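Here is a guided walk through one structure. Keep the sequence and the 3D view side by side as you read.

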Amino acid sequence: MAGVSRLQYTTETRLIRVMCSGRVDLEFVLRAFSNGMDGVIIGGCRLNECNYITHGNYHALTMALLCKRIMEHIGLNPERLRIEFMSSAEGNRFAEVMGEFGSEVTKLGPLGKGKGEGIDPKELKSKLAEMTKLVPYIKLVKDEKLASRLTDPEEYDKFFTKDEIDKLFSEVLSYYIDPEKCQACMTCAKRCPVEAIISAKNQVHVIEQEKCIKCGTCFEVCPPKFAAVTKISGGPVPPSLPEDKRAIVRKAKKEKGETDRD
Ligand code: SF4
Ligand code: SF4
């Protein structure tokens, strides 16, 4: 409506249209900052006026509140992210909000260099990359809260707390395959969404920690009779078995001193 009505608003914006604000993933916001955007504003339909039964705008709201805390955690000013609800007929409001947000972001200055920030660009990039990698983990752990419908704006600020987010990252889970228990059934490797498990027939499976997005699927799907995948909370992950020592020694062969490669 703002365009049709020839309303003026800041030209320093890049508009990305999505079908529903609920489609704006946490990862998209982090990626925008990683690509050098100084501010991100999410515009959604008014709460309770969603066109879909999913009420995606409530989801966008909780995601934005969580993202603000994550931004604080890595040293960014959370004011760089804003969410506003308005109807498509409110062109005036859109132009006003965009102008206001544009001025605020200009006042904050370049990303990472604003008041209270002072982060080296390289360090910021690596922190954003680390957070982006952890998005599946964050969504998994905060799944229930992210699905909440916050009806009272008074709840917004305290919905996710600083301590809660610090704890979330201090207890980041890692997954490790116990070489003594793995039976090379390959189930975990077939289900890993990012191919982070080194898999070969009759060989102990190994998780590549740099690729793992901590979704927990391997832990869920490893058959209980093997229970080879362990969750490690916050602590170091044991080193992987060297490639030449991964051959599975089956019980019968073990007694004969043979491996599956023999
Ligand atoms: S937790 Fe397991 S399934 Fe998920 S990405 Fe990591 S290795 Fe793959
Ligand atoms: S599912 Fe379990 S037993 Fe099967 S390969 Fe993976 S870790 Fe090993």
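## Ligands, pocket and core

Start at ligand 2, which has 14 residues around it, with Cys182, Cys185, Met186, Cys188 and Cys222 the closest. This is a predicted model. By class, the shell around ligand 2 holds eleven nonpolar residues, three polar ones and no charged ones.

Take one of these closest residues, Cys185. Cys185 sits in the loop between β3 (173–177) and α9. Is Cys185 buried, partly exposed or exposed? Its relative accessibility is 33%. Buried would need a value under 20%, and exposed a value over 50%. Cys185 therefore counts as partly exposed. Set aside neighbours within four places in sequence, and Cys185 is in contact with Pro223 and Phe226. Now look from Cys185 to Ala200. The two are 15 residues apart along the chain, and their C-alpha atoms are separated by 9.5 Å.

Next comes helix α9, which covers residues 187–191 and contains Ala189. Beyond residues up to four places away in sequence, Ala189 touches Ile197, Ser199 and His205. Ala189 and Thr217 are 28 residues apart in sequence, yet 9.7 Å apart in space, C-alpha to C-alpha.

Now move to ligand 1. Around ligand 1 are 13 residues, and those that come nearest are Cys192, Cys212, Cys215, Gly216 and Cys218. The shell of ligand 1 divides into ten nonpolar residues, two polar and one charged.

Look next at Lys214. Lys214 is in the loop between β5 (206–207) and α10 (217–221). Its backbone has a feature to note: phi is positive, about 60°, although Lys214 is not a glycine. Is Lys214 buried or exposed? The relative accessible area of Lys214 is 10%, so the residue is buried.

Ala227 lies in the loop between α10 and β6 (229–233). Its relative accessible area is 40%, so Ala227 counts as partly exposed.

Follow the chain on into strand β6, where Val229 lies. Val229 is buried, because its relative accessible area is 9% and buried means under 20%. What does Val229 touch, not counting residues up to four places away in sequence? The list is Tyr175, Tyr176, Ile177, Cys218, Phe219 and Cys222. Two of these names have come up already: Cys218 is among the residues nearest ligand 1, and Cys222 is among the closest to ligand 2. Val229 and His205 are 24 residues apart along the chain, with 9.9 Å between their C-alpha atoms. His205 is also one of the residues that Ala189 touches.

Turn now to the largest pocket. About 1,700 Å³ of space lies in it. Its lining has 47 residues, and Leu15, Ile16, Ile41, Gly43 and Phe94 lie nearest the centre of the pocket. Which elements give two or more residues to this lining? They are α1 (26–34), β1 (40–44) and α3 (91–108). The most comes from α3, which gives seven residues. By class, the lining of the largest pocket has 25 nonpolar residues, 16 polar and six charged.

Finish with the largest nonpolar core. This core has 59 residues. Which of them touch the most other members? They are Leu26, Val29, Ile42, Ile138 and Phe169. Helix α2, residues 56–73, gives the most to this core, with nine residues.

Pick out Ile138 to see how the core is put together. Neighbours within four places in sequence aside, Ile138 is in contact with Leu26, Leu66, Ile70, Met131, Leu168 and Phe169. Leu26 and Phe169 in that list are, like Ile138, among the core residues that touch the most other members.

Technical notes. Residues are numbered from 1 along each chain as its sequence is written. Chains are lettered from A and ligands numbered from 1 in the order in which they are written. This is a predicted model: local features need pLDDT of at least 70, side-chain atom pairs count only at pLDDT 80 or more; totals for chains, interfaces and linings use all residues. Side-chain values use heavy atoms; hydrogens and water are left out. A residue is near a molecule or strand if one of its heavy atoms lies within 4 Å of it. Ala, Val, Leu, Ile, Met, Phe, Trp, Tyr, Cys and Pro count as nonpolar, Asp, Glu, Lys and Arg as charged, and the others, Gly among them, as polar. On a 1 Å grid over the protein atoms alone, a cavity is a set of points where a 1.4 Å probe fits but cannot get out, and a pocket is an open set with protein on both sides within 12 Å along at least five of seven lines; lining residues have an atom within 4 Å of a point. Grid points are joined across faces, edges and corners, and a volume is the space filled by probe spheres set on the points. Helices (H or I, at least four residues) and strands (E, at least two) are DSSP runs, numbered from the N terminus. A nonpolar core is a set of buried Ala, Val, Leu, Ile, Met, Phe, Trp, Tyr and Cys residues joined through side-chain atoms within 4.5 Å. Buried means under 20% relative accessible area, exposed over 50%, partly exposed in between (1.4 Å probe, protein chains only). Contact means heavy atoms within 4.5 Å.
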